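Please view the sequence and the structure below before reading on.

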Amino acid sequence: MDVAIAGGHGKIGLRLGQFLAERGDRARGLIRKPEYEEDLRAVGVEPVLCDLEGGCDVAAAIAGADAVVFAAGAGSGSGADRKWTVDYAGAAKLIVAALARDVRRYVMVSAIGAGDPPSDDDVFSIYLRAKAKADEELQASGLDWTIARPGGLTDDPGTGRIRAAAKVERGQIPREDVAATLLAALDEDETVGAVFELVSGETPIREALAAL
């Protein structure tokens, strides 16, 4: 498999790229800064300089891929404007690029709460609305999409066990387990058209996805 990951230097994207490379797949990480390149190469991921907020030709960056994953994010310290330019517009640009290059498979990292985002002006609420708009456009795109909505992200070691469903109680999940879930979703055609929330749980990842 040849997978292009937007947000290739983020903690989820980098781990996913490493998982893909370790099993012999081609992983390309879209990054916005040249200084990130060595971090990607160190885990077997091909760096592709492509700033989603800039003038990058996203379609060229993903040409020939079998799948794309949107794992980019403005980050917790960013303001409301960047929620729209990264979390929404970056995902939308990747949708357009995937359609242009006939890359049918698109896996989205969304967030718990994006299914019914609040309407107030809190930055996190704006983030959830940006995620919701990106999710809606992906669902309307005609691509073979999967939308994963993880809970609170931690840097704890992964356990390989999650709870996944259309709705779950809010909780936390290691980024490593989110990356492993994305990997499993890429492998399983049954996850096409699925929108699911996920947090840490007791069910092995692939078993949890098969039950969606």
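Contact here means that heavy atoms lie within 4.5 Å. The model described is a predicted one. Its largest nonpolar core comprises 34 residues, and a search of the whole structure returns 17 salt bridges.

**Nonpolar cores**

- Within the largest nonpolar core, of 34 residues, L16, V69 and L182 have the most contacts.
- Helix α6, spanning residues 175-187, gives the most to this core, contributing eight residues.
- Residues up to four places away in sequence being left out, L182 touches I12, L16, V69, V107, V109 and A148.
- Apart from this core lies another, of 32 residues, which includes V68, A92, I95 and V103.
- As background, nonpolar side chains tend to be buried together in soluble globular proteins.

**The salt bridge between K11 and D155**

- The side chains of K11 and D155 form a salt bridge, with an N to O distance of 2.8 Å.
- This pair links distant parts of the chain, 144 residues apart: K11 belongs to helix α1 (residues 11-22), whereas D155 is in the loop between β7 (152-154) and β8 (161-165).
- K11 counts as exposed because its relative accessibility is 54%, where exposed means over 50%.
- D155 is likewise exposed, with a relative accessible area of 52%.

**The salt bridge between D25 and R23**

- D25 and R23 meet through their side chains in a salt bridge of 2.5 Å, N to O.
- Is D25 buried or exposed? D25 counts as buried because its relative accessibility is 15%, and buried means under 20%.
- R23, at 38% relative accessibility, counts as partly exposed.

**The salt bridge between D87 and K131**

- A salt bridge also joins the side chains of D87 and K131, at 3.9 Å from N to O.
- Which helices does this pair link? D87 lies in helix α4 (residues 80-100) and K131 in helix α5 (residues 123-139), so placed that the pair links distant parts of the chain, 44 residues apart.
- Both D87 and K131 are buried.

**A salt-bridge network**

- Salt bridges with shared partners connect R23, D25, D187, E188 and R206 into one network.
- The pair D25 and R23, described above with its 2.5 Å salt bridge, belongs to this network.

Methods:
Residues numbered from 1 in each chain as written. Predicted model: local features only at pLDDT ≥ 70, side-chain atom pairs only at ≥ 80, totals over all residues. Heavy atoms only, no water. Core = buried A, V, L, I, M, F, W, Y, C linked by side-chain atoms within 4.5 Å. Buried < 20%, exposed > 50% of the residue type's maximum accessible area, 1.4 Å probe, protein only. Helix = DSSP H or I, 4+ residues; strand = E, 2+ residues; numbered from the N terminus. Salt bridge = Lys/Arg side-chain N within 4 Å of Asp/Glu carboxyl O.
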